[in-house]
Amino acid sequence: MSHLILATNHGAAAVLGRSNLANIALGFSVRFVWGRLPSEEELAIALEPRSAKHSRTGDHWLDDVERNSLIGFGSPDIGFLQLCEKFDSIEVWADVRPNDQLVLVWLLDLLRPYREITTKLSLVHTDDMVANYAPEAVAKWKLPVVKVTENHLVTASRAWRAYRADTPGPCFDLLMTDMTVLPRLRSALIAMFEELPDSTTGLSASEMDLLEFVNDGYTDPRVVEEARWLRNVLEEHEAREALLELAEHSVPPVMLGDPAFDNEDRYFGRSEWKVTLTELGRSLLAREEDMWRHNPIRRWWGGTELTNERLWRWDRECRLLIAP
């Protein structure tokens, strides 16, 4: 019996691949929690057999896979659906982080029309990040393996369509429904709502964490970026972009630093850039100011484009979505 594991991130796939729990373990690198969502067409093309459409590194879903890792089941040029058809059973291992839960609902929605695949599909919901554990430890885990049903597929499709909608309203409506069939999804969606501009300060929860770190005396931007671990929503490069937006691109600035260096200097640690809170930053931390009274906003939350004129917010105290 051939067995495939699909992990919701590459780190988990690397550990699961060495755990000998399956013939092959593969992960996905797509990010849905930061920036504009890839279009459905872009996502579909990435999963097709390799062709001239995949001219750049990262265009094909197996670009990060070693060329000999699929021996016996295909080459790294194979399409996603074609690979799935080659296995007798498939498990999707879903980590707890919001992006992993979004990858899960995307995958289930994608596979929903293919009954020949969904009938051999099961789910494993983890309690932690698989990448944090040794393969031999993961091999001993006794996590429940749940057979995928139509209820899983319908719930995932509803969630994926809601997240891609042009307002956060459909996602908020989901919180009022029964999503227990995907037990980590509700908390993931709430974590994502907390990344909307706050009803008072206009900053996301992750941005406020960055301010808290600076207020606590951390001035090295590489240390401040570690605030992302408090919520496990952002990756390192996403936390860095959020920090730079607050430190260099807001007018007036929320933080102060020395912008007299380039990205290469930052990468190789040649910069002595330090950050401190400005008066605006301290007022935001005290919840006495609104970021977007002073600055323009243009960013994405799922399929929603946020601007000053179309600024959806989140009331963290009452857990309420506030329309523009």
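Five strands form an open sheet in the order β2-β1-β3-β4-β5, with mixed pairing; strands (E, at least two residues) and helices (H or I, at least four residues) are DSSP runs, numbered from the N terminus. The structure is a predicted model, in which local features need pLDDT of at least 70 and side-chain atom pairs count only at pLDDT 80 or more, while totals for chains, interfaces and linings use all residues. Residues are numbered from 1 along each chain as its sequence is written, and side-chain values use heavy atoms, with hydrogens and water left out.

At the edges of the sheet lie β2 (24-26) and β5 (146-147), each pairing on one side only; two strands pair if DSSP finds at least two bridges between them. Strands β1 (residues 3-7) and β3 (residues 89-94) run parallel to each other, joined over 5 bridges, and I5 stands opposite E91 in β3.

Helix α4 itself is largely enclosed by the rest of the structure, because 12 of its 14 residues are buried, that is, under 20% relative accessible area with a 1.4 Å probe, protein chains only (exposed is over 50%, partly exposed in between). Among these buried residues are N99, D100, Q101 and W106.
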